[in-house]
Structure formats: C-alpha cells, structure tokens
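Please open the structure in your viewer and keep the selection tool at hand.

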Amino acid sequence: MSATEWKQHIEYPESDGLPMGETDLHIHWMIRINDILKRRYRGQKVYVASDLLVYYHEGFPSQFVVPDNFVVFDCDPGMRRVFKIWEEQRGPSVVLEVTSRSTSRNDYVTKMALYEELGVQEYFLYDPEEEYLDPPLQGQRLVGSRYEPIQAVDGQYRSQLLGVDLHRNDRDLVFVDILTGQECLTGEEFEREARLGVEAELQQLRNEIARMRGEQD
C-alpha cells in the first residue's frame, strides 16, 4: 500500500468524547456567538463553526483541536463533519474560546501556542463567569509569527478581521459593527427586532389615522 493509499484509509473521528461546554452558561455563549457570526456572514464565502474538530496534520488523527467558535475566510460555508486544514488549504482565521477555570491552562497556554503555530490571526478569550481571567475578555493578534495582546480602548477589543468591537455589558459579551455602530444580533434577535419595528410603525400609523379622524369629526 502506498503512502497516499494509506492516508486515504485513515479515519478521523467526529467527536473527542468531551461535552460541548462545561456549564449551561458556557454552552449558551458558544451557541450565541456561533449564531451571531453565522448571521453576520450569511451569503458570503465564510465558514463559521462551533465545537468542531479541526485536524491539522494529515495522516495523524490524534492531532486535532476543538475551538469553541471559529471563522475561516474565503472558505465555502457548507456543512462539514470535521475540518481538515490540508483539504481546505486554509485554517481558522479567528478563534473565540468561552473559557473557565477548569479549561484555563488549555485555553491560555496549550491552545494559544497551537493557534499561534497554525497562524490563527486573532484569538479571543471570554470568561462569562469571571472565574479566573482578569480582565474577563482578552484578545491576541498575530504579529509576524507571535501573538501580541490586543489593547482595549474604552473597554473594547477590536477584531480587525471580523470588523467588530467586542466589549462586556455587565457580564454579557457584545459585538458591535465598527462601521455602523450597531450591535450584532443572532438571526432570532434580528427577526424579533424587525417585528417590533414593524409593530411600532403600524401603531404609529393607527394613531395618525385616529388623529385625522378626530379632526374631521
């Protein structure tokens, strides 16, 4: 069997056997961040995923990482069972980890070093329970081949690649579009806001009609 044939028969598991998140709060934020990013890049050649195995060395199924949330630019957004960097010809551009005390060493040391090696351009850490990370939101940007901390400006960390400023409102993580200044919402939140806007316009129209009728009477 040739090396190529051998590699073709290697299986790459779709699960690492670990739960999606440590607590309901961590799972909530992983899902919400995924929804926000999917809506932001709907219709674009951008792949957004959460809790998916990323394999980075062909032929070695033990060499993988599972980002909580990640974005890959210039990449087909279709569904995948796993993400193989050598097949995609690119790796994650931005990674966001919803971190906790129990995952702190893995997120802040092991994963950070690996993401640096893989060329992940921006890496953000968010500690929703404020258990260990101080400040609870932090970012790193790849400069050359090394990460350098992203400096907060008025409590906001800018993602140049995502085009958003990230900050905390109380303990919530907020994404704000740099160009519009509008908060980035999930699809469900956007639809709810749209419905409320339509209802407000209809009520305003009803009030105007009632006013005009009152003047005619």
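On a 1 Å grid over the protein atoms alone, a pocket is an open set of points with protein on both sides within 12 Å along at least five of seven lines, a cavity is a set of points where a 1.4 Å probe fits but cannot get out, and lining residues have an atom within 4 Å of a point. Grid points are joined across faces, edges and corners, and a volume is the space filled by probe spheres set on the points.

What you are viewing is a predicted model, in which local features need pLDDT of at least 70 and side-chain atom pairs count only at pLDDT 80 or more, while totals for chains, interfaces and linings use all residues. Residues are numbered from 1 along each chain as its sequence is written, and side-chain values use heavy atoms, with hydrogens and water left out.

Next, select Leu18, Val66, Thr103, Asn106 and Lys111, which lie nearest the centre of the largest pocket among its 24 lining residues. Helix H2, strand E3 (64-65), strand E6 (94-98) and helix H4 (104-118) each give two or more residues to this lining, and H4 gives the most, with five. The space in this pocket comes to about 470 Å³.

To outline the largest cavity, select its lining residues, including Ile33, Leu96, Phe124, Tyr126 and Leu166. Strand E7 (122-126) and E6 each supply two or more of the lining residues, and E7 gives the most, with three.

Then select residues 24-40, helix H2, whose 17 residues reach 24 Å from first C-alpha to last, close to the 24 Å expected at 1.5 Å a residue, taken as 1.5 Å times one less than the number of residues. Among the buried residues of H2 are Trp29, Met30, Ile33, Ile36 and Leu37.

Finish at the cysteines: Cys75 is buried at 2% relative accessible area, and Cys184 also counts as buried, at 9%. With a disulfide taken as a pair of cysteine sulfur atoms within 2.5 Å, the count comes to zero.

Note on methods:
Helices (H or I, at least four residues) and strands (E, at least two) are DSSP runs, numbered from the N terminus. Buried means under 20% relative accessible area, exposed over 50%, partly exposed in between (1.4 Å probe, protein chains only).
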